[in-house]
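This report goes through selected features of one structure, from its surface to its ligand site and its aromatic side chains. The sequence and the model come first.

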Amino acid sequence: MNDLLLRALRSEPVERPPVWFMRQAGRYLPEYHTVRNTTDFLGLCRSPDLAAEVTLQPLRRFNLDASIVFNDILVPAAAMGMDLKFIKGQGPVFSDPIRSVNDLGRLRVPSVEKDMPHVLDTIRILVDQIDVPLFGFAGAPFTLAAYMIEGGGSKNFLHVKQFMFENPERFEELLGQLAEICGDYLQAQMEAGCSAVQLFDTWAGCLSPEDYRRFALPYARQALSKVKGVPRLYFTKDSSPFLPWLKETGADALALDWRTHLGAARAVLGDIPVMGNLDPVALYGPPEEIRRRVHAIIQSAGPRGHVFNLGHGILPTTPISGVEAMVSAVNEWRWTD
Ligand code: CP3
């Protein structure tokens, strides 16, 4: 078993940082399209054999130190009774978003075993086939609530913020309910065989620091606190204004986007392991420039407690040659004492 990831997450000495990347299975790979053309996106997530196959695809191409189960953060929202569709060019859409306190009554508490058994089955198939750690994941309560209230992606997060400002206590109740669901879901993925879990709080960066500390952070902490026995990572996009508080999530490592200098972040965060943080768009640049940037990030993070990753998910039109340049630049690095 390749344990580089787990050693880095324990801040043990490593010869180089481990490397994997968010959305490493997906549309930039032609072999993904071959599988995806046989079914729709949710059908793919819900077919354990196909989901396991697309999880393995990036591992066959690149020398990666971790994998992440193929699924989506919005699957639990669908299991709570919301009508979820992925529309080409538009992304995820809920036809019946939560817009009032009354709408909250429609939501039900899902059972992972009954309503999302495919996730656990996919994990069980994968752990027998791979020699790198497998990540399980979930969307963090604020990010999930934002999608459920907006009904899809959003620029200004008008609906979720309006709900939050008008009904802060009811919003907190929803977040608490989502935190319990997320925590149980992550724990179930761990019990099925995942060696680490990641909580994606992609949209919490839309909040003011005060709102982040009231509506995002405590519920991320509540969800993570339910998972015991594996490293728990926490990702937020646009999180640099929240650096002084990120450790309060209780996460074992923090994933940062590319706007944050890892060395400068360490000065605020202390010795908690960090993950990141190449700009995904850098992969469109020339290989030598990618290599230079990868090495600058590794140098800025330092020799202990760093997992190399992109600063956010890979973009669908990314050239494969850019991914190869990134992975080999990490693979060739050696820390010397
Ligand atoms: O990392 C991996 O390889 C595992 C798979 C994974 C997917 N989604 C597959 C996916 C993971 C970890 C996610 C998480 C996810 N999903 C997040 C958090 C991380 C982030 O990137 O911010 C968010 C916000 C979502 C919601 C979501 N699902 C979006 C915004 C989209 C893209 C919509 C679009 O068309 O651009 C999806 C769909 C999705 N999830 C795809 C994949 C491979 C593409 C679907 C397709 O094949 O058409």
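Leu-315 is partly exposed because its relative accessibility is 33%, where buried stands for under 20% relative accessible area, exposed for over 50% and partly exposed for what lies in between (1.4 Å probe, protein chains only). Leu-315 sits in the loop that runs between β9 (306-310) and α15 (320-332); helices (H or I, at least four residues) and strands (E, at least two) are DSSP runs numbered from the N terminus. Together with Val-281 and Tyr-284, Leu-315 makes a nonpolar surface patch of about 240 Å². Such a patch takes residues with over 30% relative accessible area and no salt bridge, and joins nonpolar side chains (Val, Leu, Ile, Met, Phe, Trp, Tyr) within 5 Å and like charges within 9 Å; a salt bridge is a side-chain nitrogen of Lys or Arg within 4 Å of a carboxyl oxygen of Asp or Glu.

## Basis of the values

The model is predicted, and local features need pLDDT of at least 70, side-chain atom pairs count only at pLDDT 80 or more, and totals for chains, interfaces and linings use all residues. Residues are numbered from 1 along each chain as its sequence is written, and side-chain values use heavy atoms, with hydrogens and water left out.

## The ligand and its surroundings

The ligand is surrounded by 23 residues, of which Arg-23, Tyr-32, Arg-36, Asp-72 and His-312 are the closest; a residue counts here if one of its heavy atoms lies within 4 Å of the molecule. Polar contacts, meaning pairs of N or O atoms within 3.5 Å, reach oxygen atoms of the ligand from the side chains of Tyr-32 at 2.5 Å, Arg-36 at 2.8 Å and Arg-27 at 3.1 Å. Of the 880 Å² of accessible area that the ligand has on its own, the protein covers 89%, with areas taken from the Shrake-Rupley method and a 1.4 Å probe.

## Aromatic pairs

Rings of Phe, Tyr and Trp (its six-membered ring) pair if their centres lie within 6.5 Å, and planes under 30 degrees apart count as stacked, over 60 as edge-to-face and the rest as tilted. By this rule there are 15 aromatic pairs. One of them, Phe-142 with Phe-171, is edge-to-face, with 6.2 Å from centre to centre and 85° between the planes. Because Phe-142 belongs to helix α8 (residues 141-150) and Phe-171 to helix α10 (residues 168-192), this pair ties together parts that are 29 residues apart in sequence.

Phe-142 is buried, at a relative accessible area of 0%, and Phe-171 is likewise buried at 0%. Elsewhere, Tyr-32, Phe-41, Phe-70 and Phe-86 form one aromatic cluster.

Definitions and conventions:
A polar contact is a pair of N or O atoms within 3.5 Å; within protein, one must be able to donate a hydrogen and the other to accept it, and residues adjacent in sequence count only if both atoms are side-chain atoms.
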